[in-house]
Amino acid sequence: MLWEIEIRPKGSDSDRDRVAAEFDLLTHSNDGRRLLTGSARGYLLEGELSRNQVEQLVRELLVDDLVETATLGALNDHLSSDRLATVLYKPGVMDPVALSVVDAAVGLGLPVESVRTFRRYFAPELAPAAREVFFRKVLANEAIEQVVPGPLSLEHLSLGTPYTFRLVTVPLRELDEAGLVHLSKSGQLALSLAEMQTIQAHFRELGRDPTDVELETLAQTWSEHCSHKTLKGIIDFGDRRYNNLLKETIFAATQQIRRELGDDDWCVSVFEDNAGVVRFDEKFHACFKVETHNRPSAIEPYGGANTGIGGVIRDILGTGLGGKPVCNTDVFCFAAPDTPPESLPPGVLHPRKIIHGVVAGVRDYGNRMGIPTVNGAVCFDPHYLGNPLVYCGTVGLLPVDRATKAARPGDLIVAVGGRTGRDGIHGATFSSAELTEESESVSGGAVQIGNAITEKKLLDVILQARDADLYTAITDCGAGGFSSAIGEMGAELGAVVDLDKAPLKYQGLSYTEIWISESQERMILAVPAEKWNHLQQLCASEDVEAVVLGRFEQTGKLLLRYQGERVGELDMHFLHEGRPTVVRQAVWSPPTFQPSKTPRSSHSLNDSLLSLLGSLNIASKEWIIRQYDHEVQGGSVIKPLVGIHEAGPSDAAVIAPVLGSTIGLAIGCGINPRWGDLDPYAMAAAVVDEAARNVVAVGADPARIALLDNFCWGNTDRPEVLGSLVLAAEACRDVALAYRMPFISGKDSLKNEFRSGPIHITIPPTLLISALGRVPDVRRCVTMDLKAPGHVLYLVGQTKEEMGGSHYHLVEQLQGGAVPRPDFTLAPKIFARLHEAILRNWVRSCHDLSEGGLAVALAEMAFAGGIGADVTSTGAAGLSDVVALFSESTTRFIIEVAAEQASAVETLLADVPWSRLGCTVAEPRLRIAGASGEWVIWHSLETLQRAWQEPLGW
Amino acid sequence: MPSIKVLILRAPGANCDVETQFAFERAGAIAERLHINQLRESPALLQRYQVLVIPGGFTYGDDVAAGKILAVQLAHFLGDALRKFRDREKLILGICNGFQALLKAGLILSPDEEGPIATLTHNSNGRFIDRWVHLQTFGDRCPFLQGVERMFLPIAHGEGRLVCRADWQLQGLLQAGQAVLRYTSSLNSPTNASGNPNGSQGDIAGLCDLTGRVLGLMPHPERHILPTQHPHWTRNSTLGEGDGMAIFRNAVRFFH
């Protein structure tokens, strides 16, 4: 029978507060807490359970008497009149708590068969309009949850009915062009006509029609997501033709740098494995990958971010023979949290809800994995409405003797980790008739929720299996599921797969669904037959499921079987090399350049500084940072918030990932969506510079910085959008060569546009550059907080009139001006000299200049250290005070130097631009003099810090 | 002098096991990590060790409530073995999730006829918090804290607020000297703020049992072992070993 346990909190009711606050936000009211009188959570239990047994379960496991009260009964027993609604996950959505409860109850010897969790809300009197708001927008996310008013009408919790095998063949050979296009659309294959024709020709040659699973496999493998066909295809851009844009720009630069380094080449594996790999120390390489998870996060922010971080962690685990994740990064782009709710296009979640969901998703997955989240950034721009960007990155350590992999003929194909379900099948939905009596459809592929504990257990056994040498190759199941993982791992061999061997979450999946499901937390291993027993025992000892799906064979064919029958047979060469090349046009016409003279706004410079500190891109992200465990694993050296009150914004994080060793990794990033539309070349060069200077500022060796690119663009089918991307890629090539910083990995996401009726929003070209710098000795690292009075402050680098896209323009609502462009000759010299000064212990604090320029950087250094500063020169002769204070010119740092080391530092900096700004003082205030010699900035540190902390101090 | 052997108990989702092992090894112990499945199969393994540590993490995802499923496992399958271990003058340490599990398993405070005396639940701000806190020790009941007056350690938890069933029970814990570790303000702090980050009753950050040999604490001593883990290390070149090291050294010293 079905039991229901309803649990209400004693004392504060945080879920009620959360829901009430959302109601207030959407209705511009303060009625939420009055209308909503309470919340509950609870469990539905199915099994042959007596009331005594349920009571035992409540007492021993489910309810904490000291902080909550429970009522239990048969389903709907305690139906109260004030019940507004019950919120349940839709059938088939991952419910980690329910799974844990089943396991724990069975462990106690109680016959619990299945569990569902729920949330419940109470509101005795509700007008229809308020009810509508609660039901439609506030209580649940309809992508994954269902809202049930009144009693629950369930008879069973279990899912699935048995599947009866039937081979499906797709009559493709006789279709005309229109028929092919229709098939691609209706089957959600997302293949172009040329690609469909190529497939048609192939099967005509074979003299048969493809099965459904063959067509799906081709569609997955040839998808933009898996094959990056736009950036690897032919692009005509004015008089330039790229046959493979990435290969001829970013990748070519890396190859050239490696050639020039010769024997000192410190790259190990670039652009080929699941992550880029570089040398770290004698025993380990470091690997780094950053992914995006934008669309899922727009629909279901929590699950989208959650599975985004889960996926990139598996990328590291699937690099070489398995990297151990040592830290995570996350970068988000959102619309402003104060966006008026009535301005939202239909179907778009409020940015505030997206922000809360995304942060919680990263928090819950990263923290549970025991991986510190150490670095990130958040950008706000109205064009991310409907199209938020969520970048998740992971750094790992890979033993040097485990850096390469190759499946061998005869190796078993072993799936480990989570089970396969219908979640994550693109466009697939559960039909209610098949699964439950309920008339609810089940979530499709775009939205999943992760189960971090399944992945943590997987991580624990994989690393043990790696060290025991139990497999020859590993990869993760990401987009395309088994189809991509096995297809890629066996590309040079051939494979036979028995799809009925895959462990399923519930019955009813067809062979094709099993093959292409993107269920989370699964990895594929190639296991020599003689090692299988050992691996099986290891997995069993830690409650991780592992099964043999098939075998790699030197046939050049991918053979798929179900219950012994052949359901698909594809030529590996055709699968991986058969796709026709995409040819695209790219154009770029720069926006009309407006005069670079920045008009002085009516605000005083003193007021502008406070506006800048409080602008969302610059303001403190402490609310986010402190929700992430950034110190687990014990490697923390430079934390994201530094200074006397641990409240100043660090330029980059540093970890010493091998406990007891002083070799470190600095992790930083560069991103600035405000420049992309104005000058994509300059934007890309400048954000590479930002990523590099962030890690150099804390002590990374500029000769050992590896870069990652993540391009998030609008729809590159439009030539002008692709044109801006080509320019950005060219800039990446040029700056990488100039700085001798190789790109080692990257990823693109090319269709970030939102359409709803007449509304069409394109994101600005958004390039995230992530930098991984090696720190030779973490004890020499430097933080950005001022350390002591009486020290000398220097500006290293040169301020130019580059106000285009600046944050000063943003807060003062000004336009025009040039976007900052790094000086390719000077910049590497500045990095080298600064690093030398840091290695000599001459730099007491160092902060890079980015959003908000010199004045913001000085303010942050001062309040972070609780030390004041008198800046008598801005080091920008001939420029206006506005430009001197707020220009965002690249490759600039402020450094603090003890007076007795000043002349040595000045000598060291002889061949790069520098200027003496002033000195640090004990008084807790910042003063900056303008060109006239008058103080144009004068604030107490408290005022500055408050301006910076308040806006996002949620 | 024979080496002290430390068992670091791993359960699915435990994740501070490696740095806890590092801390004990630095203190001169032999520290081994063992999965709870192996210990459940042969609880007698426990008797090879002098110290049992349940490290931080999110065992079983903290599904249901933090540390709860592990607590049920400990109470049901290892309760006798653990009590026997304690009664043989050995030491048990629960850090963060380990504290949550030990407390909820009734291994720090024995339940009375009405049930458990205290629990650890959601922080008063409803969120996970990673920050550094100042701690003060009380009494000399607990061997782990001998000679320690103050510590500066990080917390990283969502459910660290101690709640007692009744106020007299809270007072009883304070008077009995079981509230051995409490949040306090910085010595340099101009205000009298309690420094309590999570709303814990009595500012309690750590509790020991009546023998003093079972200690649970929310802060992470294993994250303050090296000078470069201190959040202000770049401001102060004289910092030595981290404050957390004392707990691990004391555990080893107890047996010598």
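Which residues of helix H22 in chain A are buried? Let's start there. In H22, residues 605-614 of chain A, the buried ones are Leu605(A), Asn606(A), Ser608(A), Leu609(A), Leu612(A) and Leu613(A). They sit on the same side of H22(A), because they cover an arc of only 160° around the axis, taken from the directions from the helix axis to the C-beta atoms. Buried here means under 20% relative accessible area, exposed over 50%, and partly exposed in between, with a 1.4 Å probe and protein chains only. Helices (H or I, at least four residues) and strands (E, at least two) are DSSP runs numbered from the N terminus.

Quick housekeeping: this is a predicted model, where local features need pLDDT of at least 70 and side-chain atom pairs count only at pLDDT 80 or more, while totals for chains, interfaces and linings use all residues. Side-chain values use heavy atoms, with hydrogens and water left out; residues are numbered from 1 along each chain as its sequence is written, and chains are lettered from A and ligands numbered from 1 in the order in which they are written.

So what covers that side of H22(A)? The cover over its buried residues includes helices H27 (807-812), H29 (853-865), H30 (881-886) and H32 (941-949), plus strand S39 (935-940), again in chain A.

Next, strand S37 of chain A, residues 914-921. Strand S33 (792-796) runs antiparallel to S37(A), joined by 5 bridges, and strand S35 (868-871) is antiparallel to S37(A) as well, with 4 bridges; strands pair if DSSP finds at least two bridges between them.

Now Asp848(A), in strand S34, residues 845-848. Asp848(A) counts as buried because its relative accessibility is 3%. Its side chain makes a 2.7 Å polar contact with that of Arg693(A). For us, that's N or O atoms within 3.5 Å; within protein, one must be able to donate a hydrogen and the other to accept it, and residues adjacent in sequence count only if both atoms are side-chain atoms.

Last stop, chains A and B. About 4400 Å² is buried between them, 53% of it from carbon and sulfur atoms; that's accessible area (1.4 Å probe) lost on putting the two parts together, summed over both. The contact, heavy atoms within 4.5 Å, takes 59 residues from chain A and 49 from chain B. There are 4 salt bridges across the interface, meaning a side-chain nitrogen of Lys or Arg within 4 Å of a carboxyl oxygen of Asp or Glu. Asp785(A) forms a salt bridge with Arg235(B), at 2.5 Å between the closest N and O atoms.
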